[in-house]
Amino acid sequence: LVITLVGASTAFFAASCGLVQNDLKRIIAFSTISQLGYNVFTAKIFLLLSFLFISFIFFLLDGSNLNLICPIHFNQPSLSVLFFGKSLNVKTSQSLGKRSRKKHTKVPPYNPWYVTGFTDAEGSFIFSIWPNKASKLGWTVKASFSVGLHTKDLGILEGLKVFFGTGHVRLEKTRDVAKFTVESIKDLVEFIIPHFDKFPLISQKKADYLLWKTVVQMLYYKEHLSLAGLEKILSLKCSSNLGLSPKLKTAFPNIIPFPRPIVNNQKISDPNWIIGFTDGDGNFAIKKIKNSELKYGYQFRLYFELTQHIRDIELFYVIKDFLECGNVRVDSTKLACRYYITMFIDIETKIIPLFQKYPLHGVKKLNFEDFCLAAKIIGKKEHLLPEGIQKLDALRSGMNKIRPWDQTRLNLDSVEGQEDK
């Protein structure tokens, strides 16, 4: 009687606990305990021993099964499973392995699409291969994600560190350059790849990202330690932005380039992408042009511009369609292209309202503020008078490359202020 009661209560209690679990392994464990209790209750000793053996084998395979249904490149943080009519969110390998971001508990100041747009402009997905006598194959492979800027935009890099919850920011000793870098393979897998899978790049840099992502996953699974894995990474390197170095070409002359991913059907999904891209490669300027037909001999024109390598010229036509204004042209070198807006009506009614609604985060925010002041002067026709010309000259003298550095501290302070809130 005692055995019967213990078996029945165990079966009922374990089954009830299993129904409210959100972790797949716990569901399996409670199901197993419930089944054991049922076998004790019905006194089926042979079935009990058989079930114990099957459960042992099942748990050994359980981790492998989870990896099969939730590989490292799986985009979703959880998997919905129907269990006895109840929808459960089962943790995937990505969410199970994700570390806490307690060191950055404050809300980051950046929109995810801003980060993607900024990366499209300034980010680098790097994987390097160099000789190493200590390595079994004689070569070492390393991957990283990096963004490099002038030190006046240090605040943006600090903001990226807050946003991703990982990485480090370093100042170069010989140049006025700062870099945000993530080098840990685990952090690349847990923080960087999930972001760019959910908020994808749209420039031709996306092709480099996809090649880089494959290499990172190979490093994660230690595939680079075999000759076949190293040769595959070299093949991927051939198709990356920089290709193989002369030393690698000499050491591996028979490597066939991996087909480079094709980036087309580009689409801007959120205005914040434009903001991030502008913080990276945009320019707000006030042009002063001689004009003998005017009373004081000069006219002023506001100029908004984006610059990229010629390979991204199609992206500029996408931007033109999104903003419904502007022009695209190829530089005389044929290596770069530009998207620009000079029509005052377009700047006044489209560009200025856009950047007022979705603010910039870098030093270009200060240039934009001067740009807006110039627009007010021109809108009131004050630029046709000596006082207006003087004001515009004063604004021009403090913008872009000639802006005093101490003003750029405002950028970093604003990021820190966002964290304090």
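Reader: Which residue in E10 is the bridge partner of asparagine 327?

Author: Tyrosine 340 is the bridge partner of asparagine 327. This is a predicted model, in which local features need pLDDT of at least 70, side-chain atom pairs count only at pLDDT 80 or more, and totals for chains, interfaces and linings use all residues. Residues are numbered from 1 along each chain as its sequence is written, and side-chain values use heavy atoms, with hydrogens and water left out.

Reader: What makes E9 and E10 a pair of strands?

Author: Strands (E, at least two residues) and helices (H or I, at least four) are DSSP runs, numbered from the N terminus. Two strands pair if DSSP finds at least two bridges between them; antiparallel strands E9 (residues 327-330) and E10 (residues 336-341) are joined by 4 bridges, so they pair. They form a hairpin with 5 residues between them, and lysine 334 in the turn has a positive phi of about 65°.

Reader: Why is helix H6 described as largely enclosed by the rest of the structure?

Author: In H6 (residues 154-164), 9 of the 11 residues are buried, so the helix is largely enclosed. Among them are Leu154, Gly159 and Phe164. Glycine 165, with a positive phi near 70°, follows H6.

Terms used:
Buried means under 20% relative accessible area, exposed over 50%, partly exposed in between (1.4 Å probe, protein chains only).
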